[in-house]
Amino acid sequence: MNRCSVRTKSVEETRELGKALGELLPPKVVVILSGELGCGKTELTRGIAEALGIPADDVSSPSFNLVHEYDELIHVDLYRLDSIEAAEDIGIEELLLDNRPKIIEWGETIEELLECLPVIKIRCRQAGEEREFEISDSTGKICRELLKKLS
């Protein structure tokens, strides 16, 4: 699994990181986003969405609706779900079969369902005024290509 770390200093930089990442996502990929509240998960997702042709203003955190489906992206928030059974109750298995990229916030709950899928794990945290995004990539290509795009 490839790993890399990227720091951003503003909402705009976080969104640019998301755009660069979104341009690299293969079909069926599952992006697992985790990290403290307010660390930039939604802004990163907005950037990914923009790269896929979805207006950033259309993207919001799915905390209350749990699943937001767009033409080119599925965005899920499992924060309030405490078991794989609860995730299955909202249809997570069907969503995982979809060809669109999936962004799943707090997706650690369903990791056993992801064994046959390309997975990118992103953990974000605040570091003073900066945000740090630690990226683990099972595809073997994303980190290398992402760092090239950002340099």
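The model is predicted, so to speak of local features takes pLDDT of at least 70 and side-chain atom pairs count only at pLDDT 80 or more, while totals for chains, interfaces and linings use all residues. Residues are numbered from 1 along each chain as its sequence is written, and side-chain values use heavy atoms, with hydrogens and water left out.

Let's start with helix H5, residues 142–150; helices (H or I, at least four residues) and strands (E, at least two) are DSSP runs, numbered from the N terminus. Its buried residues are Ile 142, Cys 143 and Leu 146, where buried means under 20% relative accessible area with a 1.4 Å probe, protein chains only. They sit on the same side of H5 because they cover an arc of only 90° around the axis, taken from the directions from the helix axis to the C-beta atoms. Their cover includes strand E1 (2–8), helix H1 (11–22), strand E6 (119–127) and strand E7 (130–137), with contact meaning heavy atoms within 4.5 Å.

Now for the strands, which pair if DSSP finds at least two bridges between them. E1 and E7 run antiparallel, joined by seven bridges, and Val 6 stands opposite Phe 133 in E7. E6 and E7 are also antiparallel, over eight bridges. They form a hairpin with two residues between them, and Gly 128 in the turn has a positive phi of about 70°.

What about the helix that gives the largest share of the largest pocket's lining? That is H2 (residues 41–51), with three residues.

Note on methods:
Buried means under 20% relative accessible area, exposed over 50%, partly exposed in between (1.4 Å probe, protein chains only).
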